[in-house]
Amino acid sequence: MTSTTCFCIVKVAEDRGSGLAGAHMWERVLAVGAHPDDIEFGCGGALLRHAAAGASVTLLVMSDGARGGDPVVRAGEQARVGQLLGAKVVLLGLPDTHLGQPHELISLIETEISASAPDLVYTHLPEDMHQDHVQTHQAVRVAARNVANVLLFESPHSPMLNTGIGVNISSVIQQKTELLAAHASQVSERRVLTARSVRSRADRHGTALGCDYAEMFYPLRFTLAFERVE
Ligand SMILES: [Zn+2]
């Protein structure tokens, strides 16, 4: 993992003094996760800020999460997150730990990218140790080849990023814990998803970035949108 410049995207936007708080830095955001709860864990805070700033947010979940619980329950939990975020949720319902052939996954993601036309995509890191997360990363990497901005997020099975692109989520940390809490069937089994653990991770990133709570991302591609300054 190479080192990159550390700063807060949202703070940069606010500091432009437009009063819009960076409302139009990104208008359409797509997050792709392998299982229900991956997206919220990795970029739930950033998505809350995107939604609050007026962006349309789409959550694309590859598998049904059946290895971690009843897929019907998990789909309901993911739908609840969509309501909390005001986001569109797309559940592909692929078999947990057997997502499918790469070309099939790429095609499914390309279809959603065509539909939502994102200017920013979030997905898993390639260094993740869960096979579904790695497969999802690899498929998104190809499917999103024409998207200008792609940021990679942590999971409980990935390394914790020491540097990268940071987003100040201090204003939405409570809401982020509520997104994870919506995955009640998982939080009861996995300590890493509890409010205490989520806050602890965000606190550590915040310390590195100079704010209370933050999320950190590795940029596969990232462009500063200077041309949108008014
Ligand atoms: Zn996962």
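The model is predicted, and local features are reported where pLDDT is at least 70, side-chain atom pairs count only at pLDDT 80 or more, and totals for chains, interfaces and linings use all residues. Residues are numbered from 1 along each chain as its sequence is written.

The protein contains 8 helices and 8 strands. Helices (H or I, at least four residues) and strands (E, at least two) are DSSP runs, numbered from the N terminus. Of the 230 residues in the protein, 47% are buried. A residue is buried if 20 or more other C-beta atoms lie within 10 Å of its own, exposed if 12 or fewer, and partly exposed in between, with C-beta atoms placed from the backbone. Two residues are in contact if their C-beta atoms, placed from the backbone, lie within 7 Å. Among contacts between residues at least 6 apart in sequence, 78% join residues at least 24 apart.

The largest nonpolar core has 60 residues, of which V29, A31, L47, L60, I109, V121 and I169 touch the most other members. Helix α2 (residues 38–52) provides the largest share of this core, with 6 residues. A nonpolar core is a set of buried Ala, Val, Leu, Ile, Met, Phe, Trp, Tyr and Cys residues joined through C-beta atoms within 7 Å. When neighbours within four places in sequence are left aside, the contacts of L60 are L30, A31, V32, V90, I109 and E112.

Angles under 35 degrees count as roughly parallel, over 145 as roughly antiparallel, 65 to 115 as roughly perpendicular and the rest as oblique. A crossing is left-handed if the near helix is turned anticlockwise from the far one by less than a right angle, and right-handed if clockwise. In the composition of contacts, Ala, Val, Leu, Ile, Met, Phe, Trp, Tyr, Cys and Pro count as nonpolar, Asp, Glu, Lys and Arg as charged, and the others, Gly among them, as polar.

The axes of α2 and α6 cross at roughly 135° and come within 9 Å. At this angle α2 is oblique to α6, and the crossing is right-handed. On the α2 side the contact involves E40, F41, G44, G45 and L48, which meet I173, Q175, K176, L179 and L180 in α6. The residues of this contact comprise 5 nonpolar, 3 polar and 2 charged.

Helix α6 (residues 173–181) also packs with helix α8 (residues 195–209), at an angle of about 135° and with the axes 9 Å apart. Helix α6 is therefore oblique to α8. The crossing of this pair is right-handed. Here I173, K176, T177, L180 and A181 of α6 meet A195, V198, R199 and A202 of α8. By type, the residues of the contact are 6 nonpolar, 1 polar and 2 charged.

The axes of α4 and helix α5 (residues 131–143) come within 8 Å and cross at roughly 55°. This angle makes α4 oblique to α5, again with a right-handed crossing. From α4, the residues P102, L105, I106, I109, E110 and I113 meet Q135, Q138, A139, V140, V142 and A143 in α5. The contact of α4 with α5 divides into 9 nonpolar residues, 2 polar and 1 charged.

V142, located in helix α5, has 14 C-beta neighbours inside 10 Å and so counts as partly exposed. V142 and H103 are separated by 39 residues in sequence and by 9.6 Å in space, C-alpha to C-alpha. A79 lies in helix α3 (residues 71–85) and is partly exposed, with 15 other C-beta atoms within 10 Å. The C-alpha atoms of A79 and L91 are 9.2 Å apart, and the two residues are 12 apart in sequence.

Most residues other than glycine have a negative phi. D37, in the loop between β2 (28–33) and α2, has a positive phi near 95°. D37 is buried, with 28 other C-beta atoms within 10 Å. T97 has a positive phi of about 70° and is found in the loop between β4 (88–94) and α4 (102–116). With 14 other C-beta atoms within 10 Å, T97 is partly exposed.

Technical notes
Axes fitted to C-alpha atoms, helices over the stretch in contact; angles between N-to-C directions.
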